[in-house]
Number of protein chains: 2
Amino acid sequence: MARRTAISGFPEWTSAQRMVEQNIIDQLRHVFELHGYVPLETRAVEPLEHLLSKGETSKEVYLLRRLQEDGEQQDTEQRQAAAQRDQLGLHFDLTVPLARYVLENSGKLHFPFKRYQIQKVWRGERPQDGRFREFYQADIDVVGATTLPYHFEVEVPLVMAKALAKLPIPPIKMRVNNRRVSEGFYRGLGLDDIQGVLRNIDKLAKIGPEKVVELLKAEVGASETQAQACLELARITSESASVVDQVRELADKYDVSSEILDIGLDELGYLMDAAQDELAGIVVADLSVARGLDYYTGSVYETDLVGHEDLGSICSGGRYDELASDGKTSYPGVGMSIGLSRLLSRLFATDVVTSSRSVPTAVVVAVTNEEDRAMSNRIATQLRERDIPAETSPTAAKFGKQIKYADRRGIPFVWFVGAGDDGADQVKDIRSGDQVDADPATWSPVAADLWPTINHAE
Amino acid sequence: MARRTAISGFPEWTSAQRMVEQNIIDQLRHVFELHGYVPLETRAVEPLEHLLSKGETSKEVYLLRRLQEDGEQQDTEQRQAAAQRDQLGLHFDLTVPLARYVLENSGKLHFPFKRYQIQKVWRGERPQDGRFREFYQADIDVVGATTLPYHFEVEVPLVMAKALAKLPIPPIKMRVNNRRVSEGFYRGLGLDDIQGVLRNIDKLAKIGPEKVVELLKAEVGASETQAQACLELARITSESASVVDQVRELADKYDVSSEILDIGLDELGYLMDAAQDELAGIVVADLSVARGLDYYTGSVYETDLVGHEDLGSICSGGRYDELASDGKTSYPGVGMSIGLSRLLSRLFATDVVTSSRSVPTAVVVAVTNEEDRAMSNRIATQLRERDIPAETSPTAAKFGKQIKYADRRGIPFVWFVGAGDDGADQVKDIRSGDQVDADPATWSPVAADLWPTINHAE
């Protein structure tokens with residue numbers, strides 16, 4: 001017999017958990033669409049060649065092969081090379097497919113192209129540290145043709161922060177920074193290996209300030225003063241545009257001036273001012289945010305789940321000047337991605353988010369005897385026509401058993417046809433035991449009982 | 001450079017089409033949940049061994065392999081066999097994963113287990129005849145432990161018919177039959193190769209009655225009279241439970257009596273009576289519905305899209321006594337599956353279903369000059385707080401250009417800050433050109449303009 005067990009790295013939720021996941025995806029969709037982002041769904045596969053074009057991720061790719069190809073395959077090196085060129089792999093993120101989609105459809109798209117995309121992605125990594133091999137990502141990106149104004153670097157984190165702040169999850173803190181501020185400051189200090197400094201600053205939380213100073217000296221040739229200055233910059237945080245004054249003060253202290261720094265500070269101040277209006281305390285400036293990846297060229301973003309900081313960033317991204325290029329035109333973009341399955345996995349494991357019941361049903365209509373099932377069906381239909389989720393009892397067993405059917409699933413109400421003294425129907429709230437006369441044409445549960453509600457334990 | 005072109009068999013919709021797809025998926029979900037079906041999403045992969053357990057479909061499977069495994073692989077037969085055993089493949093339908101899921105979670109599930117599942121599936125077939133290699137299926141199934149009452153064979157097609165009849169698509173005709181009627185009738189005629197008769201009756205639409213008679217004689221040893229009787233049975237159709245009388249009349253004519261036939265007719269009559277109430281003329285009895293697959297044991301269902309019968313059945317299924325078995329317990333089920341991508345592909349290709357605009361946005365708030373962008377942003381925020389999808393113009397270009405931005409995307413309204421004589425805001429319906437004073441705290445578009453609407457050309 002085939003294995004019928006879980007496969008490590010391929011999580012499956014219970015139906016109650018899937019209701020939570022759907023609810024959260026629906027809420028994200030709603031906020032993204034309210035802001036004018038269009039839905040996009042790309043195929044699950046991309047040519048291997050395209051998946052490998054960023055180099056570093058090659059080991060994560062799942063290759064696809066049709067079973068019947070196996071017989072055909074020859075193992076000469078030449079044929080293998082040819083097969084590899086044409087090979088398809090599953091996408092490991094939603095950015096690489098977006099880049100391909102934009103190039104493929106550039107003639108048909110209107111720019112700036114604002115899209116959201118919520119899909120499964122696959123990575124062949126070892127499933128450890130809460131990493132999955134199959135998981136949902138929820139991305140938004142804005143892509144321009146040739147140019148993309150800075151204000152989209154403000155819009156994207158604000159849309160994401162609003163979307164996340166509304167979810168039934170612990171509070172979030174979105175930490176923002178601007179590569180231009182870091183780069184301008186480092187250059188002004190006389191350090192030119194910007195990537196080297198960023199790479200080491202990125203380790204601050206992991207290895208502590210002393211080791212970072214050591215590495216800055218050893219790897220990028222910083223003096224003690226330069227290394228300390230980098231560290232001081234990384235320590236700056238602010239809930240407002242006052243971050244600009246803090247950085248300027250530090251720059252004055254180290255006699256740093258740079259045009260890139262000025263541009264970066266203008267931008268960061270603009271972002272913090274905009275965040276003040278609606279998201280004060282949720283979007284914060286944090287000059288330690290470096291992001292390891294070298295393709296970010298402006299704003300960078302990371303997001304902590306408050307109380308679950310050990311999970312790492314649940315939503316990250318930034319500005320990249322070259323998402324894609326076809327030789328003639330380059331397509332700059334700014335985007336963020338939520339690691340949805342990883343987030344949900346934590347919330348489910350700690351029972352932080354739960355569904356009020358395990359099925360959508362609000363009412364089970366009891367069946368008195370099998371011959372009268374059609375009567376019960378008509379009541380259920382009447383309730384559904386009024387948008388009340390209802391099902392007819394699967395059996396005409398004793399009422400105690402039918403109530404148990406509802407109870408096991410967390411269904412709050414059981415309907416009894418003609419159970420009242422005068423032959424009226426009655427409905428029982430099986431939690432309180434209250435049973436009252438009810439008419440399927442007018443009765444409604446309270447709003448909180450109509451559909452399963454998502455509960456968030458503080 | 002990597003290929004940046006479409007890959008045959010892996011369709012991608014435009015964002016406007018994706019909005020239609022999402023709308024349809026949302027509507028299906030809503031009807032399924034109203035009937036108490038729980039959402040389920042299974043992992044995309046299953047062990048190859050499990051995928052192959054039904055034999056016939058082996059050639060359709062996409063195998064998965066991590067790129068880095070390539071180096072490790074040895075080609076001895078033994079190792080290949082071992083690798084094949086552990087190999088994962090992409091699921092090619094949602095029934096095989098359901099069977100595995102039920103066995104894996106049988107201790108935790110409550111039976112009867114009613115679930116819906118809307119996911120992509122993958123098949124390595126040649127992409128021809130409108131067949132896709134990646135496509136959506138939308139399934140509902142009811143699974144029992146040991147037993148499953150007949151009334152679920154009535155419920156499942158009625159839920160599906162209601163769901164499909166509500167969609168913005170051409171009308172549907174769901175054709176139902178019962179294997180027991182066919183089997184009882186054939187046995188009563190003296191024909192014992194039931195699968196053989198069904199297999200040939202299934203070809204009726206394709207090859208015509210004369211060839212079917214020939215095949216019945218040649219392959220299952222039917223006499224001319226027996227073959228004609230089978231053909232006459234297959235010609236019976238009815239919009240009501242009168243189908244029972246028609247079959248009985250035919251049985252009398254050929255002197256056929258059979259207990260299985262009686263059971264089958266009782267069941268089919270029950271189904272047609274139930275359909276009469278709400279779905280008269282949509283769910284019809286059609287004794288030619290045979291379904292090629294041999295695992296159906298009771299009701300069988302097929303669905304035509306009226307005017308697009310050449311597309312084949314868009315939603316099929318039936319009762320199977322053994323969805324899964326763990327040796328101790330067997331799990332009978334009844335289910336149906338919509339071939340969603342195939343259906344949408346036809347509707348999109350013929351422009352039968354379209355979205356009223358290509359983005360969710362209802363209102364573009366114009367920007368007078370870049371310094372005043374924050375003012376426009378505040379208006380857009382106010383509109384969104386009242387659930388009106390709005391975005392701020394990407395540039396402070398001339399108003400004509402900003403209107404063009406909206407027009408290209410089908411966005412109906414452009415908002416001008418302080419454009420009225422007394423400094424009030426104004427909103428322009430760019431379709432009619434009407435421009436009127438408007439307050440972001442109270443103005444609303446008419447309901448039909450609030451979100452993109454799905455239009456169905458009759």
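Colleague: Which residues of α10(B) does α8(B) meet?
Modeller: The model is predicted: local features need pLDDT of at least 70, side-chain atom pairs count only at pLDDT 80 or more, totals for chains, interfaces and linings use all residues, and side-chain values use heavy atoms, leaving out hydrogens and water. Residues are numbered from 1 along each chain as its sequence is written, while chains are lettered from A and ligands numbered from 1 in the order in which they are written. Helices (H or I, at least four residues) and strands (E, at least two) are DSSP runs numbered from the N terminus, and contact means heavy atoms within 4.5 Å. From α8(B), B:Gly196, B:Val197, B:Arg199, B:Asn200 and B:Ile201 meet B:Val212, B:Leu215, B:Leu216, B:Glu219 and B:Val220.

Colleague: How many residues of this contact of α8(B) with α10(B) are nonpolar?
Modeller: Ala, Val, Leu, Ile, Met, Phe, Trp, Tyr, Cys and Pro count as nonpolar, Asp, Glu, Lys and Arg as charged, and the others, Gly among them, as polar. In the contact of α8(B) with α10(B), two residues are polar, two are charged and the nonpolar ones number six.

Colleague: Are α8(B) and α10(B) roughly parallel or roughly antiparallel?
Modeller: The axes of α8 (194-201) and α10 (209-220) of chain B come within 10 Å and cross at roughly 160°; axes are lines fitted to C-alpha atoms, for helices over the stretch in contact, and angles run from 0 to 180 degrees between N-to-C directions. Under 35 degrees counts as roughly parallel, over 145 as roughly antiparallel, 65 to 115 as roughly perpendicular and the rest as oblique. α8(B) and α10(B) are therefore roughly antiparallel.

Colleague: Which elements of chain B do the buried residues of α11(B) pack against?
Modeller: Buried means under 20% relative accessible area, exposed over 50%, and partly exposed in between (1.4 Å probe, protein chains only). In α11 (224-234) of chain B the buried residues are B:Gln226, B:Ala227, B:Ala229, B:Cys230, B:Leu231, B:Leu233 and B:Ala234. In chain B they pack against α7 (179-189), α8, α9 (204-207), α10, α12 (243-253) and β9 (283-286).

Colleague: Which residue of β17(A) is the bridge partner of A:Phe416?
Modeller: Strands β16 (413-416) and β17 (426-429) of chain A run antiparallel and are joined by four bridges. A:Phe413 stands opposite A:Asp429. For A:Phe416 the partner is A:Gln426.

Colleague: Which residues point the other way from A:Phe413 and A:Trp415 in β16(A)?
Modeller: In a regular strand the side chains alternate between the two faces of the sheet. In β16(A), A:Phe413 and A:Trp415 point one way, and the other way, likewise buried, point A:Val414 and A:Phe416.

Colleague: What is the relative accessible area of A:Asp255?
Modeller: A:Asp255 is in the loop between α12 (243-253) and α13 (259-279) of chain A. Its phi is positive, near 60°. A:Asp255 is exposed, at 69%.

Terms used: Two strands pair if DSSP finds at least two bridges between them.
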